[in-house]
Every structure is written in C-alpha cells, then in structure tokens.
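Below is a short note for a colleague who has not seen this model before.

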Amino acid sequence: MKRYMFALLMILLLAFSAGIAASQDITLEFQQWWEPELPEGSFRAILDEFEAANPGIKVETISGPYLTTKDQIIASAATGTMADVVGLDGAWVNVLWKQGALASLTQAMADADYDDSELAAQIKLAGETYMIPIANFIYPVFVNLDMLAAAGIDPPSTRAEFAAAAEALTDPDNNVYGWAQPLSLEQPNGIQNDTMSWLWATGGSMLDDMGQPNLVGNEQLAETMAYIKSLHDAGVVAPGSFAMKENEKVEEFVNERVAMIINTLAHFTLIRERNPDLNFDITALPAAEGYDGPRGLPYASWGIGISANTEHTAEAWKLIDFLTSVEGNSKLTSIANAFPGNVNATPDFIQTDELFMTAFEIFQAGYLANEFTGLPAAEELMRRFDEPFQLYLEGDMELGDFLDEAQAEWEDIFS
Amino acid sequence: MATATQSQVVEPANIGWEQRKRKLLPYGYLSPTLLLLATLTVVPIVTVFLYSLFDNVIVNPNPPEFVGLENYIKALSHRKFRAALSNTMYFATASVVAHFVIGLSFALLLNSRLLAANVKALFRVIYILPWVFTASIIAILWRLLLNPHGVVNFVLLEVGLVPELLEWLSDRDLAIHAVTFINIWSGYPFYLVSFLAGLQGIPDDLYEAGHVDGANSWQLFRFITLPQLRPIIISLALLDFIWTLHQFTLVWMTTGGGSNSEVLSTYTYKAAFSSYEFSEASTLAMVILAMCTFFGIFYVRSQRMTDE
C-alpha cells in the first residue's frame, strides 16, 4: 500500500513540476496574414522548428486575410494590445510608427549582438529599423509568348519596344490588348505596381533627397506619365482601367485578352492553375531609351516587426532572427515562392523552375524599388495620385496641372 | 390568508420603501436593455462625437488637441465632401424613387387575378432573387456583367444600342448612374414584398364600391390602392432613404468611389482607414448620423400617425 502511495506521490510531483515548467513557457502572439496564403500546415511546421530550437518559447499565430489583419493591427495598436510580433506591409509602417506601436529593431539587434549584414533590406524611420522584409515578391513583366510569336516580336526591353509590341498585339475587334493597367481607387496599388514602376525601372524617383514629394519639375516622372498616356491614347491598354483591380488584370492575362502585364511572382502558381496551356515568360520592366543602369524592381514584402508593448522583446527578436536566418528564410520563401530577405538564403524553387531562375536573374541584375514603403498613409498617397492621373489620362487635365495637384495632395499628407 | 395577515403588520415606515420599490421595479426589468443600448449605441456615438471635436485622435501618441467645430468647418467646406454629398443625395433619391416604382409595379402584377397561382409563385421567386444575394456578391456579379467585355456590352452592341464598348464603372459620366442602377436592382424586392402584403390587405369591398360608382382602373388605383398603401409607402421610403444614405459595400466594391462616384460612406472610410484621419472620419460620421436622424424623425412621426 505504501508503495502505491509513494508512486502516486511521485506522479503528482512530476505533474506539478511539469505544470510549473509549462507555466514558465513564454508564449509569443504572432499576428500576420501569411499563414492563410501558404499551403496548409506549412507555416506552423516552420514555427514548430523554431519552438524546438528555442525551448521555453511558444508561438501562437493569429492569422487572417490581409485587409482584416491590417485593420486589426492598426486598431490594436491604438488600444495598446498589439500582438508581440506582427507581420507588416511597408504601407502601414509609418502610421504604426507614428503611434509609437512598434519597437525599434535596431535596439533589439544591438541587444542581441546581431550582425545585420545578411539582411537584404531594412525599413528605417528616423534612422532606426522598424520593419525587416523577410519575403519579397517582385513585379516583372509577364508576356504571352504565343501572342508575341504570332506577331513576330521579342519580349520588349525598352519603352519604345514595349509600345511597338503593345500596338502590334492589340486587336480590338477580338477584344485583345497589349497591356492592362489597373487603376481602381478601391485598390490603388496600381499606382505603385503598374505606374511608378516605370519610373523606378529607369532609375527615377518620386521623392527628393529629403524624402519629400518631388512630382513637380521632375522630368523623369513627367516623361513617364506622358509615356503611359501615349499608350492609353494609342488604344493599346485594355478598357476599364479606372475600375480595374489587380486580380482582374491577372484574369485578363490568363484568358489571353491581354498580352503583357506587370505582375507579382506570387501569381505564378495561380496563372498556371487557371490556364495550364498558357505559354508565358517574364522579363524586366522596360527602361527608357538610352538608360543602361540597374533597373528598380517594384516589390511587395512580407515584413516583420515587434510591438512596443511586448514584455518579451528578446524572445520576439529570437523569432525574427530565426525567420531571417539562412535556414529559416530559405524554408519560408520556398513555400511562399518569394525572394529571400536574407541575401544568403536560397529558396528551393530557384533550382527547380526555369521561370523562377529567370526571375532570380532579373532580381539580381536590378534592385528592389518601392518608394511607397514607409511613407505616411502610403495607400492614400497612391489614391490621391490616382484621381488626377485618371483625369490626365482622359484628357481632362494637362500634365502640369495633374502633377501640381498630385504634389499639393501629397504635401498635405506629408505635413 | 397568510398574505393578508402579513400586509396588516407592515410598519408605516416600510410603506414608503415598498412604494419606491414598486416604482423602481419596471426600471429593473428595463435595465438589461438600457445597459445594452448604452454600451452598443450611446457610448460609441458619444465617443465618435468627442473624437470629432479633437485633432490627432487614436493614431497619435500625443494627447488629442481640442479644436471645437474646426473639423466640421473644414469637412463641410471641402470640395470633395460637397461632391460626395451631391452624389449621395442623387444615389439615395434615385434609388428610392426607382425602388418605389418597380416594387409597386411588380407587386401589382403579382397581385393580379389574371395570372394563375403557379405563375405568380414562379415570378415571386424570380422577382425576389436580387434580395437573396449579399452586397458583396451583387457587386462581384455586376462587375462581371458591366465589364467592358461583359454580357451587358455584348448584348447592347449586338442589338446596336451602343456604338462602342462602354466602360460602365470607370467612365466619369456613367459610373454613378451604373452604381445607382445596381443599388436599384438589389433593393426593389424589399418594396415588392411589402407592397404585395399591403395590397393583399386591402378589402375587396372598397374596389367593389368603386366599381359600383363607375370608377375606372386608374381611378381605383389613384383613390383606393394608393391611399390604402400610404402608411407603407411613407415608412418604406424613409427607411430606404436612410439605408441608402450609408450604403457602403456596393459602391466600394464596384467603383471604390472613383470615376466621380464618391459617396459619403466611401469618403468617410477613406478618411479613417486610408488616411488614418480619425478626427475627420468621426466628423463625417456625425454628419451622416445627423442626416439619418433628420429622416429618422420623420419616420418615427409617420409611425406614430399610423399607430394613432
């Protein structure tokens, strides 16, 4: 009997000590929109590896669609209840930083004695890092090879070649157009991806040296806008631009009603699934004639940051360190079909897919360019540029007036 | 018997307490509802009103600055607000008028004795279909239909009604009308159902008396049907106007407020979740609330008159 009692006591003691150990675990809340966009269970598997490598730290994911996550993060920042680690888009960083909701990653890196030389990019505000892009989706030009071959032309490399190709590929009687430019005001990211990208590809900038709006008196920008208008005037752009959204642009390309689009690599799988017979390739965004410098590549990122209110900054940094490490970043970007945030990480798909190899070459030959990242109310900047831009494209506003109005609108936001 | 004995021994001092308790009892029953109303309605409205009187609320770590009515003056005098207000009034008025005409016409058709019961049942299902869809489904459906390469353009071109492809949702001259049309399509079944119920409640005696007096169809409609439906018409029109004033999803998902189709709800959303100007957004929300309250008062009055 005594023996049983002793065994029972031992079991109770073990359970108690295990309970204490479990209660000592630190649980990090990690809010992001990535998990639903990845194959089921794959993101959790990466986090499980992190937990195994860091005993005592658990990661609880709070996952949702992109827009819901954005609204929830901004609302939780206002109430001081933001998750310990958050997935970030460059368009939100500024507003969260203004709220004082993000912890300085510069400080976290210094505390952890971290060498940041492997990071491909850091988003800095007032000299300190608040977001690290860990997966990047570049936006090259997708071209329909069959349509190009039928017209007897090669993928374009310059603006003039692009305009000529678009004209040759356009056949309004059969509802086929050379290019599609989505400019919906609901999702104004067409200004970033399908408009300003032309400027960045030629080494231009929409900001001055102080990071302020530089739309007026900016020759490269004026030339770029005039070039885009010439495409619209030539009738080579698919109709319905002003209400078109990004997904509709992709649908037009998938259904072979549009021959060329500027599009994210994230849509590779989607395009192949929707039209397995589509023969397409990618090429770098055309640059202005005579420009032979590196081409800026528009991109979207999955960024990561730490809440200013977290009580576990060191542990939160360990998670970021893991996701930006060569091993962790390779795995994440492999399942996301993205380019790495760590310069030494190599996603699997680069070796296995020819199109991704081409994309990687474009990525290496150019540089990541998205001047909207980190700007105040970035989405609203795009929208306020979009409104007079549409008037300009319709011929209801002169180029100078359009840029004057956009500059005034942007200055209003910056101030 | 025992109760009577107890009531006889109640002390005079307790009588006042008993009376007070009896008076307070109804409030006790009401308290859960009052608490819910306060939590879900009064507190948010007061909070938004206070935000509208300050600058730098929510997204600024610095203490908000009291600016009084400055936000109202700024918002009401902005050209984009005036454009959004004008579009909203057109959108709401055209929707209500069209809902009324279509809803009443279809209700009269379905109430007709000329149609067989099974034909009426079939058309009831067909007519009510738009009401079954959620706003987001309606928006997606009509985006596809009104796409420059969509069914609508195809049919119009084939019939020869239009000379070229029309960009319904992205043309500055067409977008607001296209969105209004979509709203009319999605909203008329509510009128149809209500009017049909109203028509079926009109006693046949009235029409028989009208016939005896020699009234024609138009006179029967003008002097019997319409007056009998009057309370329903007023209630529906006011409610519909209020609902349409803050219609957001349909406009947002079809045009995003672009191509000259900005309405107050999309304008407010952009101020809040795109510009992060929550003071401005709160001000606009209070303006919309004031407009809705104005029409709400008429609705309540009409309801009272109906009850009396």
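1. Chain A is assigned domain 1 (24-137 + 299-368) and domain 2 (141-297 + 375-414); the bounds come from an automatic or database domain assignment. This is a predicted model, in which local features need pLDDT of at least 70, side-chain atom pairs count only at pLDDT 80 or more, and totals for chains, interfaces and linings use all residues. Residues are numbered from 1 along each chain as its sequence is written, while chains are lettered from A and ligands numbered from 1 in the order in which they are written.

2. Between the C-alpha centres of domain 1 and domain 2 of chain A there are 29 Å. In their contact, 17 residues belong to domain 1 of chain A and 17 residues to domain 2 of chain A (two residues are in contact if their C-beta atoms, placed from the backbone, lie within 7 Å).

3. On the side of domain 1 of chain A that touches domain 2 of chain A, at least two residues each come from H4, strand S11 (299-306), helix H15 (354-365) and strand S13 (367-368) of chain A. Helices (H or I, at least four residues) and strands (E, at least two) are DSSP runs, numbered from the N terminus. H15(A) gives the most, six residues.

4. Chain A and chain B are also in contact, with 20 residues from chain A and 23 residues from chain B. On the chain A side, helix H3 (66-79), helix H4 (90-98) and helix H16 (378-394) each supply at least two residues.
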